[in-house]
Amino acid sequence: MDTYETLQQSYKEILFSFLQKKNEQSLYDAQQFSKKVLEEKVSPEEIVSIHLEVIQELYPDIPPETQESFEFLLEVMIGYGMAYREHQILRNRQKELENEIDVAANMQHTLLPSEIPDVEELDIGVITVPASKMSGDYYHVIKDANGLIGVAIADIIGKGIPAALCMSMIKYAMDSMPNSILQPGELLESLNRTIEQNIASHMFVTMMYGSYDPKSHIFYYGGAGHEPGFYYSEQQDRFEELYAKGLALGISKEAKYREFSREMSEGDFVVLLSDGVTECRTEERFIEREEITALIRKYKHLSTQKIVDNVYRDLERWQEFQLRDDFTLIIVRRKFKENK
Amino acid sequence: MKLDLRTEDMKAANAKKLYVAGEIDAYTAPQLKEALSQLTSRDQGITVVDLEGVDYIDSTGLGIFVGALKDTHSHEGQFKIVSLNSRVKRLFSITGLDEVMDIDEKEGANQ
């Protein structure tokens, strides 16, 4: 760090050169000096004081009024100096907060599955993108001891830190469920009781839960206030809404959840999504659900991971890369037999 | 962005109606929460919310209504939402809130 004397000396040289030559170079030097004193946290009133001392040294005969006017300016600048120091403190504090949020966001990331279980009969693609650092979307995919595959997608209302804290509760509640996968209705009822007891009054969670039995190829599912998904039938080449009406989790202790089922043929797939997908909007309008199925159809010859990646990429471009809400899209497809 | 909020007394005793206009999202939700809590915290109070001027609600906004419903129940009051457009109504329906809340999409509205 430079001493006051060195700063004074270099200011003197720059000012002297400017007054003598009035050239671009001295102006450039002045800008560099300004950067340097900012880095060294020199206050505005110190600069005025340096200026006065240098002027006195270079021009000992300047009128006393001019000298005094600089002393006056120095008094005025003291207020700016205080504001500047306060700004520095706030900037540091903001950096600390941002670091803490980064740590929390990383922790939250570990709550999501690090990899999708490898399932012989299914092709599973997932994409989840938070709108800001912390996400309110949660998903999980597990394979239980009997070979059943469970898939959950959930949206915690609200964003940021409260949603992230709530997500950890859902994750632990789901992890503490019995080892063999529960049926969707039963699972949602159990989760609802836990969430209802532990959530702020203005929060709730929506979820769609499904489990696939590779022996019978039946997909059982239930919903708790979640955005409806889609079911694609390969044979009919048609999308249908996959809707399972039920009250969102955390609102009423007594809520009951119905269970639905579909037998999946080869090539059929289930699309689960968060409302960040359907709430996409361009500058003028909201994206319609039909436009999402049209996008999925466009890429359906690809692997499910490629489908979800491409759909996200297209929607992101449509709304000029400004996600308004957390975005999660999952596709679960029953594979074709090898010989087909 | 700000919400336009206006409260009026209704004919029935202890009944108040809150007119809301604007977009209800994470930024405007605190405003709505404050206005609603003054109404729903009245013992045996009747609160009617008119959403005719609202064409967008996000999930944070829905949460405010869930909180208001719970608050009303704990004060033995009544809570009703009226004049919702079809997009807003769809959200209440998907989340199942239309089954636990008194919702009338038409009342006083030009749908």
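Which residue of β10(A) does L273(A) stand opposite? In this predicted model, L273(A) stands opposite L329(A) in β10(A). The pair belongs to the contact between β9(A) and strand β10 (residues 327–334) of chain A, two strands that run antiparallel and are joined by 5 bridges.

Strand β9 covers residues 269–273 of chain A and is mostly covered, with 5 of its 5 residues buried. In a regular strand, side chains alternate between the two faces of the sheet. In β9(A), F269(A), V271(A) and L273(A) point one way, while V270(A) and L272(A) point the other way. Residues on both sides of the strand are buried.

β9(A) also pairs with strand β6 (residues 229–233) of chain A; these two strands run antiparallel and are joined by 3 bridges. In this pairing Y231(A) stands opposite V270(A) of β9(A). β6(A) is in turn paired in the antiparallel sense with strand β7 (residues 238–242) of chain A, over 5 bridges. Here Y231(A) stands opposite E240(A) in β7(A). Y231(A) therefore has a counterpart in β9(A), where two strands pair if DSSP finds at least two bridges between them. β6(A) and β7(A) form a hairpin with 4 residues between them. Within the turn, D237(A) has a positive phi of about 50°.

The largest nonpolar core contains 92 residues, of which V205(A), M207(A), I330(A) and V332(A) touch the most other members. In soluble globular proteins, nonpolar side chains tend to be buried together. With residues up to four places away in sequence left out, V332(A) touches L122(A), I124(A), V151(A), Y212(A), F269(A) and V270(A).

A154(A) lies in strand β3 (residues 149–156) of chain A. A154(A) counts as buried because it has 27 C-beta neighbours inside 10 Å, against a threshold of 20 or more. Leaving aside residues up to four places away in sequence, A154(A) touches Y138(A), I170(A), V205(A), T206(A) and M207(A). Among these, V205(A) and M207(A) are also named with the residues that touch the most other members of the largest nonpolar core. A154(A) and E288(A) are 134 residues apart in sequence, with 21 Å between their C-alpha atoms.

At the level of the whole chain, chain A has 9 helices and 10 strands. Chain A is divided into domain 1 (4–104) and domain 2 (115–334). The centres of the two domains, taken over C-alpha atoms, are separated by 58 Å. The C-alpha trace of chain A spans about 100 × 45 × 40 Å along its principal axes. The radius of gyration of chain A is 31 Å, whereas a compact globule of 340 residues would have a value near 20 Å. Buried residues account for 31% of the 340 residues. Of the contacts in chain A between residues at least 6 apart in sequence, 71% join residues at least 24 apart.

The contact between the chains takes 19 residues from chain A and 15 residues from chain B. On the side of chain B that touches chain A, α2 (59–74) and α4 (97–100) of chain B each supply at least two residues. The largest share, 8 residues, comes from α2(B). By class, this side of chain B divides into 6 nonpolar, 6 polar and 3 charged residues.

Key. Residues numbered from 1 in each chain as written. Chains lettered and ligands numbered in written order. Predicted model: local features only at pLDDT ≥ 70, side-chain atom pairs only at ≥ 80, totals over all residues. Buried ≥ 20, exposed ≤ 12 C-beta atoms within 10 Å, placed from the backbone. Rg over C-alpha atoms; globule rule 2.2 N^0.38 Å. Contact = placed C-beta atoms within 7 Å. Nonpolar A, V, L, I, M, F, W, Y, C, P; charged D, E, K, R; others polar. Core = buried A, V, L, I, M, F, W, Y, C linked by C-beta atoms within 7 Å. Domains from an automatic or database assignment.
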